Amino acid sequence: MSKSTTRLWAQILKELLCVLRDPKTRIALIGPPLLQLLIFSFANTLEVKHVDIAVFNRDTGRASYELLARVGAASFCDRLVTVHSRAEIAGMIERRDVIAGLDIPETFTSDVKAGHLARAQVLLDGRRGNASQVLLGYLSEIAGQTGADLTGASAVADTVALRHWFNPNLIYQWFVVPSIGGILVMFSTLMTVGLSIARERELGTFDQLLVSPCTPLEIIVSKMAPALIICSVLGSVMVAAGIFGFGIPFTGSFALLLCSLFVFVLSMVGIGLMISAVCSTQQQAILGIFSFGVPVVVMSGFATPVENMPIVLQWMAKAIPLKYYLVILQGSFLKALPPSEVFANVWPMAVIGVVTISFATWFVKGRLE
Amino acid sequence: MSRQWNLRRMAALVRKESIQMLRDPSTILMAFVLPVVMVFLYAYAVSLDLNKVPIGVVLETDGAGGQALAAAFSGSRYFTVTPARDRREVEEAIIGGRLRGFVVIPHDLEQRIQAGGTEPLVQVVTDGTQPNTASFVANYAQNVVTQWQASRGLAVGAGIALEPRFWYNAELESRRFLLPGAIAIIMTMIGTLLTAMVVAREWERGTMEAVISTPVSVLEILLGKLLPYFGLAMAATTICTLLSIFVFGVPLRGSWLALFMLSSAFLVPALGQGLLISSVAKNQFIAAQLALFSGFLPAFLLSGFIFEISSMPLPIRLLTYLVPARYFVTTLQTVFLAGDVWRVFIPNTLAMLAIGTVFILIARSKTKKSLDT
């Protein structure tokens, strides 16, 4: 017993040294993920800011003046560009000089005065569909408010009392920082563990490992150890960066989140080992990781809610550890996720981890016999 | 010059690399299977046009007006409604993430309507942890209420209305602007990641020394490596484009010529970046890690593909000028949806070529140095 424990320790130590010995590898392991967290957290926003809008105004009355003054003063608008025909708007949108154009007819003010619905056209660049849609929302709100003020009627928005729970001002960073942290931990884990067995096989040292007295389980455990340790630490640093660096409120249980992080990394280690075990070169392993990782990010519910996907993809999403971890992450930060909900999301990851690690062990054993 | 450049030698190198490339099943996976999977996923999974968002409707009244409003929510194609009588029933579901929001129709709805005051008629609560979905729920719940008011003849109010028209994409189908963006990501993966790996492998295994000791020049070695992957990336682009057009109905309003020209221009910086990474890293793990973080993720997140560049903070906006995918996404969306707008293509193409030239020059000087030592 003690003999195999010493052997295991020696193996784990060797694997850790293998990963951490080379300064370039050390930096490549820790540096880019943290840098990326910083850059992408600031970059990923679905708000619209700093846009230019072309204006073709044929109306000379107060209503259009009021509307344009408010649009021009809005924080999202950098510049209003006055033009003299619709064709000019078309040209500017085509060249991406502006994202949208307002076309206000002659009868605009008189319509408002007469109590009709005054209509102005907004021409938007459908190539930048997301931004256009958001911008339209902003503009409609301003238009509705302007109309209400000019006619003295109550604005439509008053009929609904709106509250956003957990994130009252819908700050996008509160959503994006924890989620990106999870995605980066996933890729780091896959890369660290995925290359381990594949590299040994490529360099031919895997056979040496097989003829050593180590059992398959020992080989697997020692291969898992570096990724498990490094990436759990990385994940904790990401969470800490969210709390202290970005000032995101953390309402849940930190201990529970750490446990979930560990199980998440474990399940990703399992998947990485499985990929690594079936590949015979590092290139294959990396391409395998990409072919797995990229669709997984898309299907994890990060970009769009899982329940909005076709039913087949929803089934497949159930096998994605990242999906569960994102729920726990977002919940622990903002929702004070109760333990029962945490466990409901932890056990699927644990199952995935056990299955994939068993497969990898079985595979190594198969090579041995 | 003949020492630097020999067509026969070059052709032999390209042939050798192509065979090596096509022999490895993982290359085929990367170049043909993954793009198809990605295109399908972007067409189906990353639809930003939400519908059937699960919400709860808490009906506290039995009045006809309240029933009609609840029915209006159930009938909306944007929502899947879980009915409830008490808000406590749905609050837990929001915390568990099973519902994205709920609407409370109060017990005194009729009185509030009759009073006609400024008191709100209904309450809408959303799950703010996913801000996109939250604003979607808020906007569409508002619409349902407004329409219900209009159908009852309640004053919606005169005022100002904006009539939107989305050019190039009248229905605002998200796949129409996402699929062209997806092509840029796929080409980054093939161009940068695959190239970085392949050249780094030669260094790691020590076979680069063997190649260097042959009479071929550095330029020939590099071009010999790059040309097969250029071909592979173009093939993948063609497949993605055909799929987008014929399976998913994305229009190609510009010309194939422009599309190929832009794709070729983009491959210069993409391949150059892969080359540069491999000559710095000389180890497959580090090369892959660098390609992931400097090539793939920026192409995904900093290219304007999903997130609008103009909304980013200034330092990051400046950083995006160094991301070749930024120029490619812009031009691809234009060539697919708008047409051949050369005043957009030419400056962007020049920018891509300039970045690519810088990458390749640095990579070449790095490779040369290690030859000398």
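Colleague: Which residue in β2(B) is the bridge partner of Pro54(B)?

Modeller: A word on the model comes before the reply. This is a predicted model, in which local features need pLDDT of at least 70 and side-chain atom pairs count only at pLDDT 80 or more, while totals for chains, interfaces and linings use all residues. Residues are numbered from 1 along each chain as its sequence is written, and chains are lettered from A and ligands numbered from 1 in the order in which they are written. Strands of a sheet pair through backbone hydrogen bonds, either parallel or antiparallel. Two strands pair if DSSP finds at least two bridges between them; helices (H or I, at least four residues) and strands (E, at least two) are DSSP runs, numbered from the N terminus. Here the partner of Pro54(B) is Thr80(B). Strand β1 (residues 53-59) of chain B and β2(B) pair in the parallel sense over six bridges.

Colleague: What is the order of the strands in the open sheet?

Modeller: Five strands run in the order β5(A)-β4(B)-β3(B)-β1(B)-β2(B), with mixed pairing. The edge strands, each pairing on one side only, are β5 of chain A and β2 (79-84) of chain B. β5(A) pairs with β4 (residues 122-127) of chain B in the parallel sense over six bridges, and Val160(A) stands opposite Val122(B).

Colleague: How many residues does each chain bring to the contact?

Modeller: Two residues are in contact if their C-beta atoms, placed from the backbone, lie within 7 Å. Chain A brings 98 residues and chain B 94. On the side of chain A that touches chain B, α6(A) gives the most, with 15 residues.

Colleague: Is Val48(A) buried or exposed?

Modeller: A residue is buried if 20 or more other C-beta atoms lie within 10 Å of its own, exposed if 12 or fewer, and partly exposed in between. Val48(A) is buried, because 23 other C-beta atoms lie within 10 Å. It lies in the loop between α2 (23-43) and β1 (51-57) of chain A, and its contacts include Phe76(A), Tyr138(A), Glu308(B) and Ser311(B).

Colleague: How do α10(B) and α13(B) pack?

Modeller: Angles run from 0 to 180 degrees between N-to-C directions, and axes are lines fitted to C-alpha atoms, for helices over the stretch in contact. Angles under 35 degrees count as roughly parallel, over 145 as roughly antiparallel, 65 to 115 as roughly perpendicular and the rest as oblique. Helices α10 (residues 256-281) and α13 (residues 324-337) of chain B pack at about 170°, with axes 10 Å apart; they are therefore roughly antiparallel.

Conventions. Lists of a residue's contacts leave out its neighbours within four places in sequence.
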